[in-house]
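Reader: I would like to go through this model with you, one question at a time. Where shall we start?

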Amino acid sequence: MDVMIKQGTVKLGKRYMKRIAMEVQLKATMEKDDPSMDYMLLQGVKFAFRIHQFAGGFDDETMHAFVELKNLVDLLSNNQQTKK
């Protein structure tokens, strides 16, 4: 039973991270310098970290979703630095 809960949590985390990435990409194309976008990314990363700790790691698909989210954070961070 414990394994099923952890697997379900990892699956939820994957969906959440993909949703966050999609929302941030959409907002980035519509609005510039939106503080809610930064907050959304921060919450997504925090949630992913909690899932990783609870489940004892990610499966391959969830790790891929996390890397996509990290790459999005890096891209947005680089864009903000070039604007300064």
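Author: Start with a term. A residue is buried if its relative accessible area is under 20%, exposed if over 50%, and partly exposed in between. The model discussed here is predicted.

Reader: What share of the 84 residues is buried?

Author: The cut-off for buried is under 20% relative accessible area. The protein has 84 residues, and the buried share of them is 29%.

Reader: Which pattern does the protein follow along the sequence?

Author: The protein has 3 helices. Its strand count is 0. Read along the sequence, the pattern is α-α-α.

Reader: How much of the accessible surface belongs to carbon and sulfur atoms?

Author: The accessible surface of the protein comes to about 6,000 Å². The part that belongs to carbon and sulfur atoms is 59%.

Reader: What percentage of the contacts with a separation of 6 or more comes from residues 24 or more positions apart?

Author: A contact needs heavy atoms within 4.5 Å. Take the contacts in the protein with a separation of 6 or more. Residues 24 or more positions apart account for 73%.

Reader: Now the rings. How many aromatic pairs does the structure hold?

Author: Ring centres must lie within 6.5 Å to pair. By that rule, the aromatic pairs number 2.

Reader: Are the rings of Tyr 16 and Phe 47 stacked or edge-to-face?

Author: Planes over 60 degrees apart count as edge-to-face. The ring centres of Tyr 16 and Phe 47 are 4.6 Å apart. Their planes stand at 65°, so the pair is edge-to-face.

Reader: How many residues apart in sequence are the parts that this pair ties together?

Author: Tyr 16 lies in helix α1. Phe 47 lies in helix α2, residues 35–55. So the pair ties together parts whose separation in sequence is 31 residues.

Reader: Do Tyr 16 and Phe 47 count as buried, partly exposed or exposed, and which class is it for each?

Author: Tyr 16 has 30% relative accessibility. Phe 47 has 25%. Tyr 16 therefore counts as partly exposed, and Phe 47 also counts as partly exposed.

Reader: What about Phe 58 and Phe 66: which kind of pair do they make?

Author: Their ring centres are 6.0 Å apart. Planes under 30 degrees apart would be stacked, and over 60 edge-to-face. The planes here stand at 45°, so the pair is tilted.

Reader: Which residue of that pair counts as buried?

Author: Phe 66 has 24% relative accessibility, so it counts as partly exposed. Phe 58 has 19%. The cut-off is under 20%. The buried residue is therefore Phe 58.

Reader: On to charges. How many salt bridges are there?

Author: The rule asks for a side-chain nitrogen of Lys or Arg within 4 Å of a carboxyl oxygen of Asp or Glu. The count by this rule is 4.

Reader: Which residue forms a salt bridge with Lys 14?

Author: Lys 14 lies in helix α1 and its partner in helix α3, residues 60–83, so the pair ties together parts 47 residues apart in sequence. The closest N and O atoms are 2.7 Å apart. The partner is Glu 61.

Reader: Is Lys 14 buried or exposed?

Author: Besides Glu 61, Lys 14 touches Thr 62 and Ala 65, not counting residues up to four places away in sequence. The cut-off is under 20%, so Lys 14 counts as buried.

Reader: How far apart are the closest N and O atoms of Arg 19 and Glu 23?

Author: Both residues lie in helix α1. They are 4 residues apart, about one turn of the helix. Arg 19 is partly exposed at 49%, and Glu 23 is partly exposed at 24%. Their salt bridge has its closest N and O atoms apart by 3.1 Å.

Reader: Which residue meets Asp 74 in a salt bridge?

Author: The N to O distance is 2.7 Å. Asp 74 is partly exposed, with a relative accessible area of 33%. Its partner is Lys 70.

Reader: Last one. Which residues make the nonpolar surface patch?

Author: The patch covers about 320 Å². One member, Leu 26, sits in helix α1, residues 2–30. Leu 26 has 45% relative accessibility, so it counts as partly exposed. The patch is made by Met 22, Leu 26 and Met 30.

Note on methods: Residues are numbered from 1 along each chain as its sequence is written. This is a predicted model: local features need pLDDT of at least 70, side-chain atom pairs count only at pLDDT 80 or more; totals for chains, interfaces and linings use all residues. Side-chain values use heavy atoms; hydrogens and water are left out. Patches are made of residues with over 30% relative accessible area and no salt bridge: like charges are joined within 9 Å, nonpolar side chains (Val, Leu, Ile, Met, Phe, Trp, Tyr) within 5 Å. Accessible areas come from the Shrake-Rupley method with a 1.4 Å probe; for residues, only the protein chains shown count as cover. Helices (H or I, at least four residues) and strands (E, at least two) are DSSP runs, numbered from the N terminus. Buried means under 20% relative accessible area, exposed over 50%, partly exposed in between (1.4 Å probe, protein chains only).
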